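Trainee: Please pick one part of this model and take me through it closely. Then place it in its surroundings.

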Amino acid sequence: MCRTFLLFLLAVAAGCQRAPGPPAGVVEEEVVLPAGGKGRGLLLLPPGEGRRPALVVLHDVYGLNEPIRRHAHRLAERGFVVLAVDLYRGEKIDTLMHAHEMDRALPEEQVRADLRAAVDFLLSQDEVRADDLGIIGWGMGGGYALDAAIAEPRLRACVNCGGRLTTDPAQLRRMKGAFLGLFAGKDEGNPPETLAEFRTALKEAGREKAGLHVFADCDAGFMNSAKPGPADEKAAQEAWERIDDFLARKLGRSS
Amino acid sequence: MRVMVLLLVVLVLAGGPVAAAEVKSRDITFSSGKADVKGFLAVPEGKGPFPAIVVIQEWWGLNQWVKDQAKRLAKEGYVTLAPDLYRGKVTSDPKVAMKLLGGLPRDRAVRDLKSAVDYLAKQDNVDKSKIGVIGWCMGGGYALQLALNDKRVAACAMCYGRVVTDPDALKPLEASVLGVFGTKDRGIKISDVRQFKQALQKAGKKVYAINEYEAGHGFMRAGGDAYDEKATREAWQEIDKFFAKTLQGK
């Protein structure tokens with residue numbers, strides 16, 4: 001339907017935008033999001049028929065790069081329609097300082113607009129089961145995933161992998177969906193004191209059921225690596241098991 | 001003659017005539033919600049009441065450079081308080097700074113900053129109707145956030161911090177704004193800076209100036225990769241004039 005209007009099929013002539021690597025039957029397309037047309041991302045359609053649960057995937061400070069794309073594919077291979085949003089709107093990151101300059105500059109209202117557009121976009125897709133929409137993010141994207149889950153009642157599940165938290169119970173009270181947080185014990189950015197503040201805020205908000213797990217021996221970004229495979233294989237595998245289990249329980253699999 | 005020489009020596013040892021305006025500084029603790037937050041307080045010579053400025057750290061944390069900026073402003077006649085938003089952590093390693101910035105809960109940072117204003121407003125030597133804020137890098141974005149969230153803030157100098165480009169989101173702002181931005185900044189695009197200025201004007205806000213310098217991100221920090229001495233000097237002239245006008249009525 002309006003897919004042709006909304007989608008930006010970059011590579012029809014070039015062949016396709018199919019992911020390299022194991023052909024799990026996932027189809028990847030570059031898309032431009034509605035509402036201003038400035039937001040963009042990668043849409044990944046899992047194989048199969050019928051309406052499926054869907055996920056917004058958010059990258060860390062390094063942008064929508066290969067590790068995040070691999071995460072997005074992994075989730076699509078498990079039956080989710082995935083929209084990996086490019087919060088940097090096409091800008092590629094070369095160095096840590098570049099990542100920092102982008103991270104600390106990203107206007108909050110731009111992020112909010114892109115994430116609202118991403119949710120609208122997924123819900124307009126024929127393949128998406130509207131009641132089963134979630135969001136997952138790593139690092140910077142984990143923080144924005146939590147913000148989105150607070151602002152957006154249509155999100156039924158949120159996974160924050162090592163991102164910024166909130167300590168305000170009033171905000172957490174507004175979060176309608178389920179929450180899972182995965183953190184690294186050696187991440188100075190999310191020290192035990194901050195996690196304790198978050199737990200207290202969850203309790204005050206009556207959201208004790210939210211899941212929180214700390215991988216004691218891991219450092220920030222342990223699930224992501226520029227090289228194929230995560231920085232910490234064993235812990236990353238456990239993290240994925242927790243994510244898969246959480247998403248399956250909260251959003252279900254494709255039916 | 002000998003007395004003169006001696007006097008000269010004493011003057012040089014004291015740091016020259018610039019040091020004539022003596023600044024006292026110390027670490028303090030203030031309450032933010034149920035937590036105690038540390039901060040660096042610098043106070044000008046004299047009884048006051050003085051105008052005051054909250055000084056907000058870069059992503060490195062409350063390091064010596066930020067304390068030096070707080071002391072520099074105190075010499076100009078402001079009581080300054082630089083809160084420790086990272087709660088005891090400070091680094092010179094960009095990898096660690098990335099994590100510290102990345103994990104800082106935004107609601108907590110804003111609460112700490114408002115609590116810093118509370119602290120200043122309660123001091124006998126502070127004129128609580130003349131409180132401003134300045135910040136760099138991460139702190140530049142928080143300077144604007146504090147001004148948006150605290151109507152007591154009369155002047156906001158933001159140096160290459162996250163902008164807000166939605167006029168509606170700028171509605172709560174009461175403070176005069178001075179923006180200091182670098183045209184070579186790879187994160188805050190000049191188009192964003194101009195959009196910010198337009199949004200401020202559209203929202204009917206007090207814009208002192210939104211200045212662009214031909215320099216990169218973080219250009220005011222001596223020792224940093226992007227340090228630009230000329231742009232820094234020019235930026236400080238503007239900052240001093242801005243606070244003198246908005247907080248000292250000059």
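Mentor: Start with helix α3 of chain B. The cover over its buried residues includes α3 and α7 of chain A, together with α5 of chain B. Contact here means heavy atoms within 4.5 Å. Helices (H or I, at least four residues) and strands (E, at least two) are DSSP runs, numbered from the N terminus. The model is predicted: local features need pLDDT of at least 70, side-chain atom pairs count only at pLDDT 80 or more, and totals for chains, interfaces and linings use all residues. Residues are numbered from 1 along each chain as its sequence is written, chains are lettered from A and ligands numbered from 1 in the order in which they are written, and side-chain values use heavy atoms, with hydrogens and water left out.

Now the burial itself. α3(B) is largely enclosed by the rest of the structure, because seven of its 10 residues are buried. They are V96(B), A97(B), M98(B), K99(B), L100(B), L101(B) and G103(B). Buried means under 20% relative accessible area, exposed over 50%, and partly exposed in between (1.4 Å probe, protein chains only).

Look next at the loop between β4 (79-83) and α3 of chain B, where R87(B) lies. R87(B) is not a glycine, yet its phi is positive, about 55°. Its relative accessible area is 26%, so R87(B) is partly exposed. Chain A has R89(A) in the loop between its β4 (81-86) and α3 (96-103). Phi of R89(A) is near 50°, again positive in a residue other than glycine. R89(A) counts as partly exposed, at 26% relative accessibility.

Finally, follow α7 of chain A, one of the covering helices, to its sheet. Helix α7 (192-204) packs on that sheet and touches β7 and β8 of chain A. Its direction makes about 170° with that of β8(A). Axes are lines fitted to C-alpha atoms, for helices over the stretch in contact, and angles run from 0 to 180 degrees between N-to-C directions. The sheet is open, with eight strands in the order β1-β2-β4-β3-β5-β6-β7-β8 (chain A) and mixed pairing. Strands pair if DSSP finds at least two bridges between them. β6 (157-161) and β7 (178-184) of chain A pair in the parallel sense over five bridges. Within chain A, V159(A) stands opposite L180(A) in β7(A). Helix α8 (233-251) of chain A lies across β3 (52-58), β5 (128-138), β6, β7 and β8 of that chain, running at about 175° to β7(A).
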